[in-house]
Amino acid sequence: MTPSYASYNDFKDQLLAAFRDNEERMNGERKAPIHQLRRAALKQFDQLGFPTTRNEEWKYSSVSGLLKQPFDLDDTTTVTADDLAPLEIPNLDGNLLYFINGRYHPELSRLVSPAEQVKITSFAEAIKAEPELIGAHFAHYADYQTNAFTALNTALATDGVVVRVPANTTVEQPIILRFITDTRTKNSTSQPRNLIVVGKNAEVMMAESYRTLGEGASFVNVVTEIVLDRDARMQYYKVQNETEKAYHIGTTQVSQKDNSHFYSATITLNGHFVRNNLNIVLNGQHAEAFMYGLYMPNGRQHVDNHTLVDHAMPNSYSNELYKGILDDNSTGVFNGKIFVRPDAQKTNAYQSCKNVVLSPGASMNTKPQLEIFADDVKCSHGTTTGQLNDEALFYMRSRGIPKDEARTLLLYAFSQDVISQIKIQPIREYLERVVTEKLTK
Amino acid sequence: MLSISNLQASIGEKEILRGLNLEVNPGEVHAIMGPNGAGKSTLASVLAGREDYNVTGGSVIFDGKDLLDMAPEERAAEGIFLAFQYPVEIPGVSTTNFLKTALNEIRKYRGQDPLDAVQFLKLMKEKMKLVNIDQSLLSRSLNEGFSGGEKKRNEIFQMAMLEPKLAILDETDSGLDIDALRIVADGVNQLRSPDRATIVVTHYQRLLDYIVPDYVHVLYKGRIVKSGPKELALELEEKGYDWIKAEAAV
């Protein structure tokens, strides 16, 4: 039985106690290497503590609001397929996995891809059944030494997905992970952990989607580790559409080998406080990484995207485009770091962040950071933050298009540069619909 | 059709139109000429409803309605069209999509049913011939990366699609070579009809060789200081604007 939050001084104490509580109930697993690793991560979390705005990485994103929320760590729920129906993405084919409060629910999910194309298991199951695989990858990529939230997830994560695509295989159907936080009866948290290992010359499309049920507060702290072997290709989308009481902190950590291609899109439609870390290490030659992002906060929403591309080897390519539409009193952060290591000659790295601020109360902080240690490279970066183009609005109105319609058309077109990149059609159509709804509100 | 009386307009503190009068009847083509800074483009912008300008006096009646009371989109729906001197680039919105939205909004305003995709394409094909515009241009983002000539041709194409009662061409000749000028003028001429009127704003007489006006007006310091038949344009071409300035100073 998890003690109630009222018994602790603060959220951190509660989380530390949950770890010890879980440990006490272990039967012979305490000595397993993975548990030792978790202990190290917990120790690190304890030392680091939750970041404050004095930490440069969290300068514009204060988690103090999160720490004031009382959360219940118990992840049991009674969600049924009927409860999920309103959250459905129409016409979604393929593998659909539901995680409620971070816990995999096979009775709500469906796996359609044949086993020879892909192995999909829950993280909880993989820890027991495939300790070697977990041992070879788990926490090898995502840094729990300096990132407190990654440390916390590494220590506490109990479930998520483990996906393996064998070499020379194309997974024909996409794999959609739906993370639902059920807050109907209490404030809920989850620590999902995903591991995706794509073999040589294999190909897969995946999406993570985040939603909330109910009116309570939610806190999702997710870590996804992705490993692409030589010549592997992956489409990876993260779609966030949570409530006004949702806190989301996530890290996607990608490791790419020679000639692998990674295409990502991070779309934040709604959420109270969102921090996405996307870290890509190009650990091979002729590897390519594409990062697209779209965020459209309104009200008092806060969206922070931190990206890092680490060009560790020569001849690789990265291209990044993030776009923001900020309304009301919302705030946005974009921090884009590009490292070009001394060995990484002939690197091409491009970064662009464009923002439209619709209201005087909204604001955007952008910070490109280029650290280049090789001399034969092509890098560029640019950020723009401005208002909707008045000339364009007048031009459209002079042709008979009413002001609101013209505004929607312009903003929709602005968002299309990112949304059109999404190759899973039902997800793209869903986004087009939700974006239009949000713009015409 | 259009009755402008004693129109005064300013931008910021600067007074630009200082009591302008003009009557335009259906079927007529009026040329507005004048030296730089006379207020030619301001007149075009005020008629189309650009919010940067403040109307400080006078009135503009269009088909019996007070034009100055209307939003730009209402003016468009009532039948006013401004061909821009500098057409604006609209990234991510194709000319086709843009015009379909515009046309159906105008139809909605007039209480007409929207055109469906088939009807719209048929109309578009018909009007494309008028200005010799290419389909591939129309599926690209509106004006983005278009040459000067392509932008102006696109303006006339839009005009042909929206079939305004009153078209205002603001320095449509600027930046055009002679071939492009001829194509644009041909398009405008084909749209001439007894129930439509055109105001051609231009600095040079050249355009008026191709779009022959019924009346020529000289705008100077925010007023029309001289009006006459089309020959007035030739006189201006020959003598420049100095004699007008001298006359106006008297």
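**Contact between chains A and B, and the elements around it**

In this predicted model, 17 residues of chain A and 20 residues of chain B make up the contact between the two chains; two residues are in contact if their C-beta atoms, placed from the backbone, lie within 7 Å. On the side of chain A that touches chain B, the elements giving two or more residues are α8 (390–397) and α9 (403–419) of chain A. Helices (DSSP H or I, at least four residues) and strands (E, at least two) are DSSP runs, numbered from the N terminus. The largest share of this side, 7 residues, is supplied by α9(A). By class, the side holds 8 nonpolar, 3 polar and 6 charged residues, where Ala, Val, Leu, Ile, Met, Phe, Trp, Tyr, Cys and Pro count as nonpolar, Asp, Glu, Lys and Arg as charged, and the others, Gly among them, as polar.

Among the buried residues of α9(A) are Leu410(A), Phe414(A) and Val418(A). A residue is buried if 20 or more other C-beta atoms lie within 10 Å of its own, exposed if 12 or fewer, and partly exposed in between, with C-beta atoms placed from the backbone.

Elsewhere in chain A, strand β20 (residues 378–386) is hardly covered, with 0 buried residues among its 9. Strand β18 (residues 348–357) of chain A runs parallel to β20(A) and is joined to it by 9 bridges; strands pair if DSSP finds at least two bridges between them. Within this pairing, Cys353(A) stands opposite Thr383(A) of β20(A).

Turning to chain B, an open sheet of 4 strands has the order β2-β1-β4-β5, with antiparallel pairing. At its edges stand β2 (14–24) and β5 (65–66) of chain B, each with a single partner strand, so one side of each has no neighbour in the sheet. Strands β1 (residues 2–11) and β4 (residues 54–62) of chain B pair in the antiparallel sense over 7 bridges, and Ala9(B) has Val55(B) in β4(B) as its bridge partner.

Residues are numbered from 1 along each chain as its sequence is written, while chains are lettered from A and ligands numbered from 1 in the order in which they are written. Local features need pLDDT of at least 70 and side-chain atom pairs count only at pLDDT 80 or more, whereas totals for chains, interfaces and linings use all residues.
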